[in-house]
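Please look through the structure below with attention to its strands and its aromatic side chains. The text after it takes these in turn.

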Amino acid sequence: ERIVKNIYLMKPGANGEVVIPAGGHIDFYDDGGQNAPSSKDFEGVVTFVPGAEGEVIKLDFTALSLSNKDTLYIYNGSEVVPENLVATYRGSTASPEYHVSDAADGRMTVRFVSRSSYSQPDLAITVSSYRKKPMTVIDLKATAVAPATMLRGQSVVPVVRLDVTAEGDYDPLHISSIVVEAAREAGLKNVRVYATDTISSFSDANLYGAETLTEEITGDNGASVVGNGTVTGDYEISRNGVYKFWVTADVATDAADGAVLTARVASLATAAGNVIEGPDDAEATASATVKSGFHGVLTVGAGADYGTIQGAVDAIADGIDGPVVIRIARGIYNEQVCVPEIAGASEQNTITIESETGFWGDVKIYH
């Protein structure tokens, strides 16, 4: 067995034009090749030409290592002029992904300059002759991220992460709705969907949409056990990538202890009218059990529920399912108090720390 590659190594100076086979690609490296850095004090220019009419050049970076004195320039077309400049990369923070030519003839030009006498710059690019296509969803994956247990009244708990893989070059894609199917009778009240672009960590900074579960679906035994929430919004995708959407759940304050919440993404729709069915498997279906937490009043002080403020805070650290008030008796408290994130805390399930007398000056905390 032998692997055959079409490789082009950049030479110093003017490299002229390199034609990429129609629908094909080449592996493009600096003059050091795949396994070595470029030579020192290097400068070269090369223009890539698509191999068929209607195709354009596409650059996909597989490696790029530059110092602050190394610069990579990408141009539309054949001329190295400012108005054709697409991108400039310099230094260790350079992290390109891909570029597609917007020139009328589909050409792209690469200029690489290294002025350092000590750096070892390296670049590797897959150069393709490519036919542009509209932006479209090519893959939809759902992963359950729900915790094992959730508290009554807990809100904005991530339960399903939706990975939307999009590819294309024109006509931006608009995600117009996401349908969430969930077990209503178990106490799942509302669903919200948040977008984090291509970042795989949850954040509630960008709300895509929210919906109360209303439409009922009848189960096999004739009981209405499942509800659909159609979450509508407008999220635009104009670059290739895997975009993350997070389905979060709000648990009703009267949910039964031990009830099992389930949720899955039934489908996703685009503004163009395309509907993509969501996966229906164990990995894609979230499941969590409702548990009770603390709610009510805790007292702190001599002869009270807890002798220290930290002791009262620790008592609710496992979670709350209703409003909590920590009332501190008059006195001086020499302690360092750490209040962590408390599961179940929300606009409804508030935590209030107050002086028992109603006057804040009666309680002194220092450390």
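The model is predicted. One part of it is an open sheet of 5 strands, with the order β2-β4-β9-β6-β7 and mixed pairing. The edges are taken by β2 (13–20) and β7 (85–90); each has a single partner strand, so one side of each is left without a neighbour in the sheet. From one strand to the next, the twist averages 15°. Within this order, strand β6 (residues 70–76) and strand β9 (residues 108–114) run antiparallel and are joined by 7 bridges.

Of its 11 residues, 9 are buried, so β20 is largely enclosed by the rest of the structure. Strand β14 (residues 173–183) runs antiparallel to β20, with 7 bridges between them, and A182 stands opposite A263 in β20. Strand β22 (residues 286–291) also pairs with β20 in the antiparallel sense, over 4 bridges; here T262 stands opposite S287 in β22. A further antiparallel partner is strand β21 (residues 275–277), joined to β20 by 3 bridges, with A269 opposite V275 in β21. β20 and β21 form a hairpin with 4 residues between the strands, and G273 in this hairpin takes a positive phi near 95°.

How many aromatic pairs does a search of the whole structure find? The search finds 11. One of them joins F28 and F48, whose ring centres are 5.0 Å apart; because the planes meet at 75°, and over 60 degrees counts as edge-to-face, the pair falls in that class. F28 belongs to strand β3 (residues 25–29) and F48 to strand β4 (residues 43–50), so the pair ties together parts that are 20 residues apart in sequence. Both F28 and F48 are buried. Y194 and F202 form another edge-to-face pair, at 5.7 Å centre to centre and with 90° between the planes. Y194 counts as buried, at 6% relative accessibility, whereas F202 is partly exposed, with a relative accessible area of 30%. Ring pairs also link Y208, Y235, Y243 and F245 into a cluster.

K58 lies over the face of Y130, 4.7 Å from the ring centre. The ring of Y98 has the charged end of R239 over it, at 4.1 Å from its centre.

Note on methods
Residues numbered from 1 in each chain as written. Predicted model: local features only at pLDDT ≥ 70, side-chain atom pairs only at ≥ 80, totals over all residues. Heavy atoms only, no water. Phe/Tyr/Trp six-rings, centres within 6.5 Å; stacked < 30°, edge-to-face > 60°. Helix = DSSP H or I, 4+ residues; strand = E, 2+ residues; numbered from the N terminus. Buried < 20%, exposed > 50% of the residue type's maximum accessible area, 1.4 Å probe, protein only. Lys NZ or Arg CZ within 6 Å of the ring centre and 35° of its normal. Pairing = 2+ DSSP bridges. Axes fitted to C-alpha atoms, helices over the stretch in contact; angles between N-to-C directions.
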